[in-house]
Amino acid sequence: MNSKLKINSTLKIKPINYFKGETEVQGDKSISHRAILLGGLLEGSITINNFLESEDTLNTARAYQKMGIEIKGLETKNVTIKGKGLNGLIEPDGILDLGNSGTSMRLLLGILSGQNFYSVVTGDKSLCRRPMQRVTIPLKKMGALIYGREKANFAPLTIIGKKLNGINFKSNVSSAQVKSCLILAGLFAKGTTVVTEPILSRDHTERMLAYFGANIKKKNILTTSITSKKKLLAKDIFVPGDISSAAYFIIGALILKNSKVTIKNVGINPTRTGILDILKNMGAKITLTNYRNINDEPVADITACSSKLNGTEISGDIIPRLIDEIPIIAIAAACADGETIIKNAGELRVKESDRIKTVTNGLTTLGIKVKELPDGMIIRGGMFSAGNKKFNSYGDHRIAMSFAIAGLKIQGGIVINDTDCINTSFPEFTNILKNLSY
Ligand code: S3P
């Protein structure tokens with residue numbers, strides 16, 4: 001990783017007057033991972049424009065490099081990757097360490113299961129605690145051999161790839177990582193692989209595979225089928241700005257007085273825009289302009305202005321459309337009038353940290369009344385208490401960035417420890433924060 005992008009492990013945030021200006025945020029993390037993972041399987045080279053250079057996406061790229069894929073320009077925003085076709089990966093001669101990245105591990109497991117070789121994946125402490133049976137059980141049903149702690153639920157995991165058979169799998173979690181893992185395995189399977197999810201999750205894998213000419217179909221909104229094809233077409237990709245990164249500055253502008261921020265070129269795939277719907281329900285002044293479509297992904301510029309927010313309920317089908325934004329939405333809820341109820345979000349417990357616990361602990365430290373629920377929380381809007389607050393990110397990038405935004409409104413400021421984790425998804429966060437702050 002480029003050293004100029006490194007963030008000190010402690011972040012000191014002082015209160016500011018307002019947010020103002022125009023910015024872009026770095027490329028979408030989910031799309032960047034997929035561009036590498038699929039790019040290496042294409043027939044020929046492509047350029048991935050506006051690739052997110054972050055620890056998570058670099059871990060995916062490094063794993064592919066260990067499997068013989070040539071990737072250049074990782075320290076720039078324009079990466080070239082030389083696809084070697086569907087049968088071009090070679091056995092890695094070491095362990096694939098995927099750091100903190102759940103997306104790298106779960107999506108790669110789908111690909112590795114269909115290879116004619118042996119591989120081992122591992123990650124950091126947090127990743128080795130995250131549940132993997134949700135993918136290893138169906139992959140084993142497809143024919144792969146996978147071994148790991150607690151019946152292949154926890155990394156390190158050993159994979160002995162096999163000639164896979166398509167399955168018809170009904171997932172009981174709404175997870176794009178599970179869906180994508182099985183779709184990717186389906187690229188290497190005999191017959192058709194069908195995946196059904198209970199609620200629609202992000203669909204970047206499906207869109208990108210269709211763009212590369214794969215045999216992929218939506219049977220209905222919740223069911224996707226894929227049948228292997230000999231070749232995927234090499235076509236360049238543009239990665240839109242990450243709405244999950246834009247979320248910090250959108251909410252910063254809403255909760256600070258006299259503020260107005262425009263974030264250009266943000267991906268607004270409808271499976272990711274739950275945050276905009278909820279904030280608008282809460283009374284947020286947000287406008288979208290300059291709509292366009294790039295490689296089958298919708299993009300727009302987003303403007304947010306200071307707003308008087310009201311509490312709301314966040315539950316049901318919207319949850320997968322805003323799952324990564326709940327920590328920063330919790331900060332908006334803390335600044336809103338009345339109560340915000342978040343339910344049906346039990347998946348938060350198995351993210352980079354247990355985000356129900358880490359968000360409720362954080363808000364309590366800031367003097368906000370919050371009640372932890374098994375699958376969410378109830379937040380009563382109020383004032384952040386004053387004082388030089390000391391905080392821990394729990395090694396979770398989204399907790400670090402969410403509480404950094406809260407810090408802009410805390411008299412006396414906030415010191416957040418263990419903020420290297422911000423590099424996993426958004427190394428330019430602090431620079432942009434400084435540029436927008438007055
Ligand atoms: C992601 C899917 C989501 C999300 C994660 C990225 C992806 O995880 O939380 O940050 O790129 O597929 P789940 O599929 O576990 O919900």
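Leaving aside residues up to four places away in sequence, Ser-104 touches His-33, Asp-56, Asn-59, Thr-60 and Leu-98 (contact means heavy atoms within 4.5 Å). You're looking at a predicted model, where local features need pLDDT of at least 70, side-chain atom pairs count only at pLDDT 80 or more, and totals for chains, interfaces and linings use all residues. Residues are numbered from 1 along each chain as its sequence is written, and side-chain values use heavy atoms, with hydrogens and water left out.

**Ser-104**

- Ser-104 sits in helix H3, which covers residues 102–113 (helices are DSSP runs of H or I with at least four residues, strands are runs of E with at least two, and both are numbered from the N terminus).
- Is Ser-104 buried or exposed? With a relative accessible area of 0%, Ser-104 is buried (buried is under 20%, exposed over 50%, and partly exposed in between, using a 1.4 Å probe and protein chains only).
- Asp-56 turns up among the contacts of Ser-104, and its backbone oxygen lies 3.4 Å from the side chain of Ser-104.

**Helix H1 against helix H7**

- Helix H1 (residues 29–39) packs on helix H7 (residues 204–211) at about 40 degrees, and their axes are 10 Å apart (axes are lines fitted to C-alpha atoms, for helices over the stretch in contact, with angles from 0 to 180 degrees between N-to-C directions).
- That makes H1 and H7 oblique to each other (under 35 degrees is roughly parallel, over 145 roughly antiparallel, 65 to 115 roughly perpendicular, and the rest oblique).
- On the H1 side, Ser-30, Ile-31, Arg-34, Ala-35 and Leu-38 make the contact; on the H7 side, the residues are His-204, Thr-205, Met-208 and Leu-209.

**The four-stranded sheet**

- Four strands line up as E4-E5-E3-E16 in an open sheet with mixed pairing (two strands pair if DSSP finds at least two bridges between them).
- Strands E4 (70–72) and E16 (237–238) are the edges, each pairing on one side only.
- H1 shows up again here: this helix packs on the sheet, touching E3, E4, E5 and E16, and its direction makes about 30 degrees with that of E5.
- Inside the sheet, E3 (residues 43–49) and E5 (residues 78–84) run antiparallel, with seven bridges between them.
- Among the bridged residues, Asn-49 has Asn-78 of E5 as its partner.

**The E14–E15 hairpin**

- How many residues link E14 to E15 in the hairpin? The hairpin gets from E14 to E15 through two residues.
- Asn-220 is bridged to Thr-223 in E15.

- Most residues other than glycine have a negative phi, and most peptide bonds are trans.
- The bond between Ala-155 and Pro-156 is cis, with omega at about 0 degrees, and Pro-156 belongs to strand E9 (residues 154–160).
- Asn-295 isn't a glycine, yet its phi is positive at about 30 degrees.
- You'll find Asn-295 in the loop between strand E18 (285–294) and strand E19 (297–305), where its 14% relative accessibility makes it buried.
- Asp-296 isn't a glycine either, and its phi is positive at about 65 degrees.
- Asp-296 is also in the loop between E18 and E19, but this residue is partly exposed, with a relative accessible area of 38%.

How values were computed: Polar contact = N/O pair within 3.5 Å; in protein donor to acceptor, adjacent residues only side chain to side chain.
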